[in-house]
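Open the model in your viewer and keep the selection tool at hand. Each stop below says what to select and what is there.

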Amino acid sequence: MTTTRPWWKTVLGIVFTAVMLFPVYWMANVSLTRTSDLRANPPHWFPWDPTFEGYTRVFEQQLPALGTSLVVGLGTVVLTIAIAAPAGYAIAQLHLRGRRTLNFLLLVAQMIPAVVMAMGFYAIYVRLDLLNTIPGLIIADSTIAVPFGVLLYTAFMSGIPRELLQAARVDGAGPWRAFWSVVVPISRNSTVTVALFAFLWAWSDFIFASTLNRNGDMIPITLGIYNYIGNNTTQWNAIMATAVVASVPAAVLLVLAQRFVAAGVTAGAVKD
């Protein structure tokens with residue numbers, strides 16, 4: 001028996017979607033608007049006389065920043081998975097003492113404001129000579145993603161049938177071999193989910209970048225956008241064009257990985 005969705009729910013969904021997507025539309029609109037038209041009153045709702053000068057500046061000036069953000073994002077993904085996957089396996093399957101306390105501390109770590117952590121990292125990086133370096137920024141960004149990754153891996157790996165791991169031990173596999181040969185392959189959805197969120201957090205980071213890498217030779221795209229804001233003039237079409245270009249990788253990754261993310265974020269929610 002099929003049920004018909006009430007028409008008002010469809011209309012309501014369209015309205016809410018339009019409201020949420022309006023900032024994206026306005027970003028694209030301003031990126032194509034000439035500087036002289038930005039002060040129009042009322043504002044132009046459509047780019048009647050479009051210009052690509054903002055996008056020209058992006059490809060002339062911001063490609064190194066995009067490359068830096070890509071390196072930082074991928075480095076954050078690798079470091080996050082390298083730490084979170086074994087940690088989640090240890091908490092879920094190796095019966096560690098104090099694992100409940102550790103899970104609580106991971107939740108608390110996610111509640112600490114990034115600006116507070118940035119100040120702590122600054123004090124440490126001054127002594128370690130890691131200011132204005134890409135490795136320093138990767139480590140800082142990973143601190144946001146690792147607690148989430150550990151909790152997600154723990155939730156999934158807690159649901160792995162113990163018979164599967166026992167069969168691996170019967171075949172002579174130790175805990176480390178069982179992790180690599182059995183647990184990692186079946187944790188694909190969780191790994192994709194953790195990797196996606198780690199990359200997006202690093203890609204969109206501004207707090208750590210502005211605190212720890214502001215004077216570096218290789219700045220991420222968030223600081224590249226910020227450089228267009230001046231005391232007397234603000235290049236809005238260049239800002240919005242850079243934001244549009246920077247949004248493309250994130251949007252593509254979300255579309256490609258949505259099936260894995262949907263399965264990954266619900267991992268461990270239902271147990272037999």
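Select Trp-7, Trp-8, Val-11, Leu-12, Val-15, Phe-16, Val-19 and Met-20: together they make a nonpolar surface patch of about 890 Å². Bear in mind that this is a predicted model.

Stay with one member of the patch, Trp-8. Trp-8 sits in helix α1. Is Trp-8 buried or partly exposed? Its relative accessible area is 46%, so Trp-8 counts as partly exposed.

Next, show the aromatic rings. The whole structure holds 17 aromatic pairs. One of them joins Phe-22 and Trp-45; select both. The ring centres are 6.1 Å apart, and the planes make an angle of 50 degrees, which gives a tilted pair. Where in the chain do Phe-22 and Trp-45 lie? Phe-22 belongs to helix α1, residues 7-31, while Trp-45 is in the loop between α1 and α2.

Now colour the two residues by accessibility. Phe-22 has a relative accessible area of 36% and is partly exposed. Trp-45 is also partly exposed, at 47%.

Which residues of α2 are buried? Select Gly-54, Tyr-55 and Val-58. Turn the view to look down the axis of α2: the buried residues fall within an arc of 95 degrees, so they line one face of the helix. In an α-helix there are 3.6 residues a turn, so residues three or four places apart point the same way.

Definitions and conventions:
Residues are numbered from 1 along each chain as its sequence is written. This is a predicted model: local features need pLDDT of at least 70, side-chain atom pairs count only at pLDDT 80 or more; totals for chains, interfaces and linings use all residues. Side-chain values use heavy atoms; hydrogens and water are left out. Rings of Phe, Tyr and Trp (its six-membered ring) pair if their centres lie within 6.5 Å; planes under 30 degrees apart count as stacked, over 60 as edge-to-face and the rest as tilted. Helices (H or I, at least four residues) and strands (E, at least two) are DSSP runs, numbered from the N terminus. Buried means under 20% relative accessible area, exposed over 50%, partly exposed in between (1.4 Å probe, protein chains only). Patches are made of residues with over 30% relative accessible area and no salt bridge: like charges are joined within 9 Å, nonpolar side chains (Val, Leu, Ile, Met, Phe, Trp, Tyr) within 5 Å. Accessible areas come from the Shrake-Rupley method with a 1.4 Å probe; for residues, only the protein chains shown count as cover. A salt bridge is a side-chain nitrogen of Lys or Arg within 4 Å of a carboxyl oxygen of Asp or Glu. The arc is that of the directions from the helix axis to the C-beta atoms.
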